[in-house]
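Subject: Structure handover

Hello,

Here is the structure we talked about. Please open it and keep it beside this email as you read.

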Amino acid sequence: MKQENNLPYTVLDQDGRIIKTEESTKRGIRKAVWISALVLAALGALALFFPIAVGTGFAFLITAGVFLYGLSQGITYFRSPRESRSGWTLANGSLLVIVSGVALSGALMSQLGILRMITILSFAAGFLAASIGVSQIAAGIANKTGRGWALLGGGLNLLVSFFMCVNPIVSWFALTTVWGAYLIADAITLLLAERWAQTGSRT
């Protein structure tokens with residue numbers, strides 16, 4: 001039997017008709033790419049045009065995730081065998097539960113609590129960015145290869161850390177806007193890549 005779609009075999013359905021496997025696979029991939037791009041574009045547009053609402057929701061989501069993570073660490077400690085338990089695991093989990101629980105309860109009670117929660121997250125993000133920036137600068141000084149990019153990345157992280165700590169609330173919503181623009185650009189890039197791949201497969 002003559003093969004179709006340049007496949008080494010022929011796939012038949014229950015009625016004996018040839019199934020064009022390659023075309024159906026390509027259609028499925030294109031559909032998945034379009035759905036992913038639309039989701040990214042929608043999230044990016046929301047973050048770009050409604051940064052306060054999205055940034056606040058993102059802060060609630062992160063704080064709730066930290067609370068659940070701390071709770072899971074406590075559960076892991078008590079479920080582990082006694083000889084393999086670590087006091088640091090329990091202490092870290094308890095600290096995360098207390099800090100995130102207080103932040104969440106305060107945010108649910110008043111708008112001032114929401115601002116406090118965002119401030120805590122901004123300081124935490126700034127501290128994380130500072131630690132990453134310092135490690136990048138140290139790696140750039142120690143290694144000759146890629147030194148310029150490492151120093152540039154470390155300097156940018158330190159700059160972001162500075163703004164996050166000096167003006168945490170404004171910086172949080174500004175980063176939300178930047179994140180929205182990045183998602184929209186990512187969606188456009190995904191569609192262009194799929195378009196170029198489709199054009200290349202035809203030629």
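Start with helix H2. H2 has 29 residues, and its first and last C-alpha atoms are 41 Å apart. That is close to the 42 Å expected at 1.5 Å a residue. The expected span is 1.5 Å times one less than the number of residues. Helices here are DSSP runs (H or I, at least four residues; strands are E, at least two), numbered from the N terminus.

A word on the source. This is a predicted model, where local features need pLDDT of at least 70, side-chain atom pairs count only at pLDDT 80 or more, and totals for chains, interfaces and linings use all residues. Residues are numbered from 1 along each chain as its sequence is written, and side-chain values use heavy atoms, with hydrogens and water left out.

**The whole chain**

The chain has six helices and zero strands. Its pattern along the sequence is α-α-α-α-α-α. Of its 203 residues, 22% are buried. Buried means under 20% relative accessible area, exposed means over 50%, and partly exposed lies in between (1.4 Å probe, protein chains only). The accessible surface is about 13,800 Å². Carbon and sulfur atoms hold 71% of that surface. Areas come from the Shrake-Rupley method with a 1.4 Å probe; for residues, only the protein chains shown count as cover.

Now the contacts (heavy atoms within 4.5 Å). Take those with a separation of 6 or more: 62% of them join residues 24 or more positions apart.

**Helices H2, H3 and H4**

H2 covers residues 51-79. Its buried residues include Gly55, Ala59, Thr63 and Tyr77.

Gly93, Ser100, Ala103, Leu104 and Ala107 are buried in H3. H2 and H4 are among the elements that cover them.

H4 runs over residues 111-142. Its 32 residues should span 46 Å, and its ends are 47 Å apart, which agrees. Among its buried residues are Gly113, Ile114, Met117 and Gly140.

**The core**

Which residues make up the largest nonpolar core? There are eleven: Ala59, Ala103, Leu104, Ala107, Ile114, Met117, Ile118, Leu121, Met164, Trp172 and Phe173. Such a core is a set of buried Ala, Val, Leu, Ile, Met, Phe, Trp, Tyr and Cys residues joined through side-chain atoms within 4.5 Å. H3, H4 and H6 each give two or more residues to this core. H4 gives the most, with four.

Look at Met117. Beyond its neighbours within four places in sequence, Met117 contacts Ala59, Phe60, Thr63, Ala103, Leu104 and Ala107.

**Partly exposed residues**

Ala174 sits in H6. Ala174 counts as partly exposed because its relative accessibility is 39%. Ala174 and Gly55 are 119 residues apart in sequence, yet their C-alpha atoms are 9.0 Å apart.

Ala45 lies in H1, residues 21-49. Its relative accessible area is 25%, so Ala45 is partly exposed. Leaving out residues up to four places away, Ala45 touches Phe50 and Ile184.

Leu156 is in H5, residues 147-166. Leu156 is partly exposed, at 48%.

Best wishes
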